[in-house]
Amino acid sequence: MRSCVVRLLRQSQSASAGRHMRASPKLRTGFVYVEKRPGAQILAHKRFSSDAACHGYPFNCSNCDAAYADFNFVCSSCGRLMSACYGKSTHFSLLGLEERFDINVSDVDAAFKELQRQLHPDKFSQATKEELALAEAHSSKVNEAVRILRSPLFRAQYWMELQGVRVLEEDQRMEDMETMMEVMETNEQLEQAQTKEEVASITRDVDGKMRGVEVELIGLLSARDWLTARQRLERLQMLDRLRLRLNDWQEPSSP
């Protein structure tokens, strides 16, 4: 029975994950979010230096040779775009945020808006092809950083990967039966739901559970309790997939 439950739930989660590899609906601005594996590097335009070709610090402006200890998308000395050479910059440092899991999403949004202002296409209407390619590479890098850091699930996974901890890989699955049963029961409730009010009630319940896991992760990651953190992260992943399915719910059509 247990193996049957696990198999059915994983099939459902796999299908759900495939449907939801798409842009986040929460920030509809000039940038386009692109789904990629959390922590993956975005390759810069081939005419510019890639991360692999960058060695340490400082970061130098290719136009005026001004040097910076931390990467800046725009040179504050001459105002030109910096080369797409990000070195060992993290998603946190690229957005000018403190490197910790417990960050305020509003700070991520504020950093995004400021970088959007600096890299907006309208500022490069008279730019060369090289400058346009640089702006595109930087925008992609910003998109990836924002997408990861806005999501508690992706942020926790990324943070643990920065600490050298592998997470959410198939050989690590702990088969959290309690959460699996919760998800199956909630899926049944969703299938039986007839009104938006019913779905809203289910959604509030799932959101509360997700916030609870996020609070747990703050303490676990601070204590570097990687084993328990992996367990809670797996629970958060299952709840996150359930939340996406709730977002897709449509009211049944009248007979």
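Visitor: In this predicted model, how far is the sulfur of Cys 64 from the closest cysteine sulfur, and in which residue is that sulfur?

Guide: The closest cysteine sulfur to that of Cys 64 belongs to Cys 75, at 3.6 Å, which is too far for a bond. A disulfide is a covalent bond between the sulfur atoms of two cysteines. The cut-off applied here is 2.5 Å.

Visitor: What is the closest cysteine sulfur to Cys 61?

Guide: That of Cys 78, with 3.7 Å between the sulfurs, again too far for a bond. A search of the whole structure returns 0 disulfides.

Visitor: How many aromatic pairs does the structure hold?

Guide: There are 6. One of them joins Phe 71 and Tyr 86, edge-to-face, with 5.0 Å centre to centre and 70° between the planes. These residues are 15 apart, both in the loop between strand E2 (67-68) and helix H2 (91-94).

Visitor: Why is the pair of Phe 92 and Trp 159 edge-to-face?

Guide: Because the planes of Phe 92 and Trp 159 stand at 85°, with the ring centres 6.0 Å apart; planes over 60 degrees apart count as edge-to-face. The pair links helix H2, holding Phe 92, to helix H5 (residues 152-162), holding Trp 159, 67 residues apart. Phe 92 is buried at 0% relative accessible area, and Trp 159 counts as buried at 14%.

Visitor: Which residue lies over the face of Phe 101?

Guide: Arg 155, at 5.1 Å from the ring centre.

Definitions and conventions: Residues numbered from 1 in each chain as written. Predicted model: local features only at pLDDT ≥ 70, side-chain atom pairs only at ≥ 80, totals over all residues. Heavy atoms only, no water. Phe/Tyr/Trp six-rings, centres within 6.5 Å; stacked < 30°, edge-to-face > 60°. Helix = DSSP H or I, 4+ residues; strand = E, 2+ residues; numbered from the N terminus. Buried < 20%, exposed > 50% of the residue type's maximum accessible area, 1.4 Å probe, protein only. Lys NZ or Arg CZ within 6 Å of the ring centre and 35° of its normal.
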